[in-house]
Amino acid sequence: MEVSCQCGSVSFKTPLPKPLALYVCHCVECRRQTGSAFGTSAIFPRFQLPDTDVLSCYTRPTSTGQTLYCYFCKNCGTRLMHTSPDKTVVSVKGGCIEGLDWKNAIHLWTKSAMVPIPEGCESHSEDSNFTDYGTCQETLDQPTGLR
């Protein structure tokens with residue numbers, strides 16, 4: 001799948017024709033990160049980042065003490081992906097991917113959703129006992145089958 005930032009300075013192809021998982025997260029952190037009502041994460045196996053001077057990285061600590069590496073374009077500021085060193089996958093921001101199929105997206109943290117959740121989709125409240133996708137971004141970024 002083709003991925004690019006808003007200005008087109010950073011672009012790359014994903015290693016698979018579709019993501020391993022696709023999440024639409026309605027938590028406060030994802031809303032802040034996107035400046036919108038939710039964030040999207042398309043999970044792919046880890047791959048080599050494009051070799052460009054305009055790809056930059058912001059790091060932040062996670063709730064479990066890991067470091068999250070957040071990659072963005074220096075020119076336009078578009079966040080493209082994030083990962084942690086101990087992960088075998090990366091989270092590519094869904095809005096940057098051409099032709100992404102959204103119909104199987106899993107909506108998470110819906111209790112704090114600012115917009116209606118589509119009927120019939122898989123969704124989970126933040127206090128859900130559903131544990132396959134965990135309770136923090138680090139767990140979400142590592143689907144059960146890859147842990």
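Author: Contact here means heavy atoms within 4.5 Å. In this predicted model, and leaving aside neighbours within four places in sequence, Val-10 is in contact with Val-3, Ser-4, Cys-5, Pro-50, Thr-52, Val-54, Leu-55, Cys-73 and Leu-80. Val-10 belongs to the largest nonpolar core, which has 22 residues, and together with Phe-44, Leu-80, Met-81, Val-92 and Ile-97 it touches the most other members. At least two residues of this core come from each of the strands β3 (21-25), β4 (39-45), β6 (67-73), β7 (79-83) and β8 (89-93). In soluble globular proteins, nonpolar side chains tend to be buried together.

The cysteines come next. A disulfide is counted where two cysteine sulfur atoms lie within 2.5 Å, and by this rule the model has 0 disulfides. For Cys-7, the closest cysteine sulfur is that of Cys-5, and because the two are 3.7 Å apart, they are too far for a bond. Cys-7 is partly exposed, at 41% relative accessible area, and Cys-121 also counts as partly exposed, at 21%.

Met-114 sits in the loop between β9 (106-108) and α2 (137-140), and with a relative accessibility of 57% Met-114 counts as exposed.

Definitions and conventions: Residues are numbered from 1 along each chain as its sequence is written. This is a predicted model: local features need pLDDT of at least 70, side-chain atom pairs count only at pLDDT 80 or more; totals for chains, interfaces and linings use all residues. Side-chain values use heavy atoms; hydrogens and water are left out. A nonpolar core is a set of buried Ala, Val, Leu, Ile, Met, Phe, Trp, Tyr and Cys residues joined through side-chain atoms within 4.5 Å. Buried means under 20% relative accessible area, exposed over 50%, partly exposed in between (1.4 Å probe, protein chains only). Helices (H or I, at least four residues) and strands (E, at least two) are DSSP runs, numbered from the N terminus.
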